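Here are my notes on the model you asked me to look over.

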Amino acid sequence: MSDLTRSTAWQQLQQHSQTMQDSDLRSLFTQDPERFDKFSLNAAGLLLDYSKNHLNEQTLTHLEALAKQVEFDSWRKKLFSGKHINHTEDRAALHTALRNCSQIPVRYNGRDVMGDINRVLDKMRQFSRDIHNGDWRGYTNKMITDIVNIGIGGSDLGPKMVVDALAPYQKDGMCSHFISNIDALQIDRLLATLDPETTLFIIASKTFSTQETMANALTARQWFLSHCADKKMIRKHFVAVSTSQQQVEEFGIDPHNMFVFWDWVGGRFSLWSAIGLSIILAIGMEAFESMLAGAHMMDQHFQTAPILQNMPALLGLISIWYNNFLHANSNNHAILPYDYALRFFPAYLQQLEMESNGKRITRTGEIVDYKTCPVIWGAPGNNGQHAFYQLLHQGTRKISIDFIIAIHNNTQTIDHQPAVLANALAQSRALMWGRNHEETRLANPKLTAAELEAHVFPGNQASNTLLYNRLTPATLGSLIALYEHKVFVESICWQINPFDQWGVQLGKTMAMDLLPALQTGEDKPACEYDASTNGLLNYIKSHV
């Protein structure tokens with residue numbers, strides 16, 4: 001056993017879980033009519049209701065003891081202070097500094113980084129103003145109307161999610177597009193709809209060497225030059241977000257058109273940095289700064305609130321409770337937004353959480369003897385009701401859930417919203433409350449005894465509900481920061497580093513090794529891999 005699983009706090013949670021394993025949510029609410037008031041809180045424009053969970057005051061006391069044992073307060077301070085908490089890459093994780101609206105100095109290796117951050121913000125502010133005002137124009141002097149962000153992972157998922165979520169704030173005359181997949185179908189379909197005279201490409205890559213991003217960037221450049229033979233005009237239609245000026249210049253982009261960020265900005269935490277340039281061009285600098293302010297509000301809450309009044313800490317600890325104690329054999333967590341604007345939010349959280357905490361090695365290099373990251377999945381709630389909710393209601397798995405609900409939508413069609421809210425509240429209640437045999441018979445008196453069981457709903461499925469008034473830039477900033485910090489809290493408890501991602505490297509390395517065998521002109525039979533890979537390669541090559 002590891003030191004963690006042998007610890008007093010862990011053992012107490014293990015023992016307590018035995019008493020809560022068969023807890024009934026109906027009974028918990030019946031026994032305590034004040035349960036909602038006890039197990040809900042407000043922070044940074046969000047209401048969290050965590051009363052529909054298999055927990056009580058004693059559970060929270062034990063979870064708080066675990067947080068203290070793993071030195072939650074110390075790690076929280078390290079996050080904001082510029083300590084090298086990303087120890088495998090020997091760097092800090094200072095994404096919170098990118099939205100530090102207080103302008104209080106944040107030091108990294110003894111140097112205040114706020115000056116650098118503000119200079120990049122000023123450059124993006126001026127560039128977006130030039131694009132929106134028409135001071136920056138294409139090679140035929142037409143205004144830019146289409147922005148194409150070419151990136152992948154953190155350089156794509158976050159910006160795409162935000163731009164789609166904040167579509168009502170889109171600047172007039174601006175259309176945003178995102179290219180990430182190396183499959184040429186995606187970029188070919190998009191390029192067929194674009195006018196090279198009015199299109200601006202943002203090449204977003206930290207190293208400017210990511211295979212998928214650079215393949216798409218080269219295709220975009222080739223397409224542009226097929227319409228405009230003057231290579232000098234690339235500077236009017238291509239800009240870069242990167243840390244590597246040499247590679248940017250070699251591509252043909254003017255270094256003045258490069259927007260920098262730093263090694264202490266992790267990819268999946270980078271939408272607050274220059275990676276957010278596509279966001280700014282879509283919704284404007286004022287809305288982007290409002291999003292930063294919302295995130296900063298959540299940062300302040302996370303930084304100062306006691307553990308059991310701290311929204312990210314509670315979400316993280318509840319996740320630990322299910323993942324390692326109550327539902328350890330299920331290890332699933334669903335994200336169900338009842339706000340269509342957040343349709344890409346589950347996919348964004350998949351990367352945020354699973355790339356961060358999908359680890360089996362502790363900070364000290366030991367293999368864990370406990371489960372770490374759950375599988376994160378989900379979809380917009382109303383669509384999910386007609387797809388996978390059957391499993392949630394009557395399946396055999398225990399799956400924890402986050403319902404994310406907007407009270408008001410951002411459209412002019414307001415008469416749909418009561419139905420959205422009714423469905424959201426009904427589903428969270430139905431999953432928790434269920435319908436027993438007696439209630440089922442009363443509702444369906446003509447059912448035979450054989451038919452009855454199929455109409456019973458076990459209920460007792462746990463969930464959190466996050467509620468907000470309307471999805472504004474500030475609200476979205478707060479929501480994203482909430483989940484960033486939740487993931488960090490989980491990592492503290494599991495004693496892993498959430499800021500590296502070595503697991504993505506092996507597949508990339510093997511892909512580069514396999515590529516020559518698949519390129520045109522290579523006719524040697526594959527024989528240096530395993531039998532399956534050799535067989536697949538030979539079959540593919542025989543059909544080229």
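1. The largest pocket comes out at about 980 Å³. A pocket here is an open set of points on a 1 Å grid over the protein atoms alone, with protein on both sides within 12 Å along at least five of seven lines, and lining residues have an atom within 4 Å of a point. Grid points are joined across faces, edges and corners, and a volume is the space filled by probe spheres set on the points. The lining of this largest pocket counts 41 residues, with Thr210, Gln501, Val504, Gln505 and Lys508 nearest the centre. By class, that lining holds 14 nonpolar, 18 polar and nine charged residues. The classes put Ala, Val, Leu, Ile, Met, Phe, Trp, Tyr, Cys and Pro under nonpolar, Asp, Glu, Lys and Arg under charged, and the others, Gly among them, under polar.

2. Before you go further: this is a predicted model, where local features need pLDDT of at least 70 and side-chain atom pairs count only at pLDDT 80 or more, while totals for chains, interfaces and linings use all residues. Residues are numbered from 1 along each chain as its sequence is written, and side-chain values use heavy atoms, with hydrogens and water left out.

3. Which helices each supply at least two residues of the lining of the largest pocket? They are H10 (211-227), H16 (345-357) and H23 (505-518). Helices (H or I, at least four residues) and strands (E, at least two) are DSSP runs, numbered from the N terminus.

4. The second largest pocket holds about 460 Å³ of space. Its lining has 23 residues, and Asp339, Tyr340, Ala341, Asn409 and Thr411 lie nearest the centre. H8 (157-165), strand E10 (332-338), H17 (381-385) and H19 (417-433) each put in at least two residues, with H17 giving the most, three. The lining splits into eleven nonpolar, nine polar and three charged residues.

5. A cavity is a set of points where a 1.4 Å probe fits but cannot get out. About 150 Å³ lies in the largest cavity, which is lined by 20 residues, with Ser319, Tyr322, Asn332, His333 and Ser400 closest to its centre. H15 provides the largest share of that lining, five residues, and E10, E12 and E13 (463-468) are among the elements that each supply at least two. The class count for the largest cavity is six nonpolar, eleven polar and three charged.

6. Gly154 sits in the loop between E5 (146-150) and H8, and is buried at a relative accessible area of 10%. What does Gly154 contact once its neighbours within four places in sequence are left aside? The partners are Pro159, Gly267, Arg268, Ser270, Ile275 and Gln351, contact being heavy atoms within 4.5 Å. Gly154 and Leu352 are 198 residues apart in sequence, yet 8.6 Å apart in space, C-alpha to C-alpha.

7. H6 (72-81) and H14 (285-304) have axes that come within 10 Å and cross at roughly 145°. Axes are lines fitted to C-alpha atoms, for helices over the stretch in contact, and angles run from 0 to 180 degrees between N-to-C directions. Phe72, Arg76, Leu79 and Phe80 of H6 meet Asp299, Phe302, Gln303 and Thr304 of H14. Thr96, in the loop between H6 and E3 (107-108), is buried at 6% relative accessibility and touches Leu79, Phe80, Asp299 and His485, leaving aside neighbours within four places in sequence.

8. Two backbone spots to look at. Most residues other than glycine have a negative phi. Asn109 has a positive phi of about 55°, and Asn460 has one near 65°. Asn109 is exposed (over 50%) at 59%, whereas Asn460 counts as buried at 13%.

Technical notes: Buried < 20%, exposed > 50% of the residue type's maximum accessible area, 1.4 Å probe, protein only.
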